[in-house]
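I am opening my notebook to look through this structure one piece at a time. Come along and check each entry against the picture.

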Amino acid sequence: MAYRHVVGPRTHVFADLATLMAKATPVRSGDRLAGIAAESAEENAAARWCLAEVPLSEILARPLIPYEQDDVTRLILDTHDEAAFREITHLTVGDFREFLLTATPEVLTRIAPGVTPEIAAAVSKIMRNQDLISVARKVRVVTRFRNTIGLPGTLAVRLQPNHPTDDPKGITAAILDGLTLGCGDAVIGINPASDSVQALGDLLQLLDGVIQKHAIPTQACVLTHVTTTLAAMERGLPVDLVFQSIAGTEKANAGFGVTLALLKEAHEAALALKRGPLGDNCMYFETGQGSALSADAHHGIDQQTLEARAYAVARSFRPLLVNTVVGFIGPEYLYDGKEIIRAGLEDHFCGKLMGVPLGVDVCYTNHAEADQDDMDTLLTLLGAAGCTYIMGVPGADDVMLNYQSTSFHDSLYLREVLGLKRAPEFEAWLHGIGLTDEAGALLPGAGAPLLTAAPDLAA
Amino acid sequence: MSDPREIWARLAGLTPARIGLGRAGSGLPTREVLRFGLDHAQARDAVHAPMDSEALTGAIADLRLRTIPVASQAADRATYLRRPDLGRRLDPEDLARLQAEAEPADLVIVVADGLSARAVHENAAPLLEAFKPLAETAGWRLAPVVIARQARVALGDAIGAALKARAVAVLIGERPCLSSPDSLGIYLTLDPKIGRSDAERNCISNVRNAGLSHERAAFKLHWLLARALTLGLSGVTLKDESDRALEAGGAAPALPHSTAD
């Protein structure tokens, strides 16, 4: 069914819901590359007027990719919570925006299982950045493994101690650096240079050794393919979290070498290990706008809507952590700081609205029109929006993946400006070591208490 | 315990990551802010500086290799960055010109700006200089070297097909990172034709003075091409075991005499 909107003498016609949503999306290079972006500023604005009139029940009734063709569509519809949806079923997209701005945190938590990715994406397209921030801020998604992530007033940090050749001493030195700067409560997570099970095993043992020896209330992860992690679990290696990159269509997931069944198998294997004393959220997913297009698996759907569909995949596995790697994919998908900032806020909003513990890798590559000032802006906005976690990379320069993310220092800045605490168990550990004061602020002294308490790490 | 600053200085030597930076309140010390800014500036310049085809042509002519300049369908840098699809397609006139030049060849080498013209300026000619004697010893017929502007790796498929070469090696500026704005990548593809996937290529990366040396990279390219031509395949099924060959010494031709650079 076509959608129409009249602006003065012109009638804008949108062939179907996918077209309408694509044209209503704030313009970005990836949708242009796919040939589906609005062709004029007026068309973009007209599509938003038109989209605002669409009932949520109609979005639910018209899957963008047919049920028979795509297992992510099947997952979305088969797990849709009708009772939760009843509260919003009478609303249009425009009404829904106002509902969200008015709703209490309790209401937002209640409706989350009834919000499909397409509904979250649709409403985000007619929201300004401040709307995306104020609504996301009200949603709280709390998860647990060896600590508690996502409590109100907290921000966690993934300590990312990557090394170009997985050198254990180099990785350990970066872990020590991050810990002394108060980072690592979300996870200590390594992107390995090697994809062999042997190398994975060495890194898992290293991380497990550090966490156990010093009783650090956090979890470990080596971000390798899920099949490699499954092999590691079969060999009895210490796996806290199972990692996988995921996307919003069956075909794009196939490009990552995964199926929903494979993820389920890995999830069940990790649950059976029962390594989380506080909770059993044991999955870690990464996503990012543009991944479906780059795998030629986008079905003519805009990249932001497809990104939200990836959160539906994540949601079904009750993950501890999910983050969009917002500026990593390059300028052909998100061209500059403005597009990256918008996408980061959209992704965070959609994830939270759907009940997913969303963090953001605030990042860029050197061929994008972006710099540290853009990242400071997005970081600060995400702090205001109640982002679950960010990355902590030494000096913001990842020497293995060759991109710029946020630094340990960036998290200190955000805590100072917005008064954000760490996961409470990790906060208490830092204080117990003598690295922080009562309020959680780092004490001077270049991390001397930890260097004394953990001479093995400084060896 | 010794001075924490001494410990951090020692630990910093264990990784290229930026650790032990110190802090000013919650921020970085001024020197670190400035160092990062300079590194980013160099990476940005590497992305945006245009390739100096004239100088490259001269340097390659000095090696007694003929060159043909071509361009992709991406008209400028801004288009190139937004439209990777255009960077993979040959300008129609250049395509016709290459087809007119086609003569049976074992290898065409494409020198492509990619995301760092600086990498090409600094590394392409030295790499060719190291590779040429190996190719001559092997008896391979080389097509003219194609110098490609606003080019992605897959442009080599169109070039190789147009020239009817058995294989194409694309020497291309890699995406600059903060620590290496000058890194050259080499992508080898057997039986080039439009539509080849990345899984059908072998990659030699980080070719630069501070990374993989030109001599070693040339040796690897020679090793991979010899295997590819013999086995009739390139890509993930062709494993790069050239390091073992280099250590063993006798399994492949010796390294060329060191160049006078």
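How many residues of helix α9 (residues 117-125) of chain A are buried? I looked, and nine of its nine residues are, so to speak, mostly covered. My list reads P117(A), E118(A), I119(A), A120(A), A121(A), A122(A), V123(A), S124(A) and K125(A). I noted the cut-offs: a residue is buried if 20 or more other C-beta atoms lie within 10 Å of its own, exposed if 12 or fewer, and partly exposed in between, with C-beta atoms placed from the backbone. Helices (H or I, at least four residues) and strands (E, at least two) are DSSP runs, numbered from the N terminus.

**Before going on**

I must remember that this is a predicted model, where local features need pLDDT of at least 70, side-chain atom pairs count only at pLDDT 80 or more, and totals for chains, interfaces and linings use all residues. Residues are numbered from 1 along each chain as its sequence is written, while chains are lettered from A and ligands numbered from 1 in the order in which they are written.

**Helix pairs in chain A**

I turned to helix α17 (residues 303-315) and helix α18 (residues 337-353) of chain A, which pack at an angle of about 35° with their axes 9 Å apart. Axes here are lines fitted to C-alpha atoms, for helices over the stretch in contact, and angles run from 0 to 180 degrees between N-to-C directions. The crossing of α17(A) and α18(A) is right-handed. For this term I wrote down that a crossing is left-handed if the near helix is turned anticlockwise from the far one by less than a right angle, and right-handed if clockwise.

Which residues make the contact? From α17(A) I found Q304(A), E307(A), A308(A) and Y311(A), and from α18(A) A343(A), E346(A), D347(A), C350(A) and G351(A). Two residues are in contact if their C-beta atoms, placed from the backbone, lie within 7 Å. By class I have four nonpolar, two polar and three charged residues there. The classes are simple: Ala, Val, Leu, Ile, Met, Phe, Trp, Tyr, Cys and Pro count as nonpolar, Asp, Glu, Lys and Arg as charged, and the others, Gly among them, as polar.

My next pair was helix α19 (residues 372-384) and helix α20 (residues 408-418) of chain A, whose axes come within 10 Å and cross at roughly 50°. α19(A) and α20(A) are therefore oblique to each other. Angles under 35 degrees count as roughly parallel, over 145 as roughly antiparallel, 65 to 115 as roughly perpendicular and the rest as oblique. This crossing of α19(A) and α20(A) is right-handed. The contact uses L379(A), G383(A) and A384(A) of α19(A) with D410(A), L414(A) and L418(A) of α20(A). Sorted by class, that contact has four nonpolar, one polar and one charged residues.

**Where the chains touch**

I then looked between the chains and found 35 residues of chain A in contact with 35 residues of chain B. On the chain A side, α2 (29-33), α11 (168-180), α20 and α22 (448-453) give two or more residues. Which element gives the most? α11(A) does, with six residues. The chain A side divides into 15 nonpolar, 13 polar and seven charged residues.

**Chain B**

I listed ten helices and six strands in chain B. Buried residues make up 48% of its 261 residues. Its open sheet of six strands runs in the order β1-β3-β2-β4-β5-β6, with mixed pairing; two strands pair if DSSP finds at least two bridges between them. The edge strands are β1 (67-71) and β6 (201-207) of chain B, each pairing on one side only. From one strand to the next, the twist averages 20°.

Inside the sheet, three bridges join β2 (residues 105-112) to β3 (residues 145-149) of chain B, and these strands run parallel. V110(B) has V146(B) as its bridge partner in β3(B). I also saw helix α3 (residues 53-61) of chain B lying across β1, β2 and β3, at about 165° to β3(B).

K164(B) has a positive phi of about 55° although it is not a glycine. I found K164(B) in the loop between α8 (155-162) and β4 (165-173) of chain B. It counts as partly exposed because it has 16 C-beta neighbours inside 10 Å.
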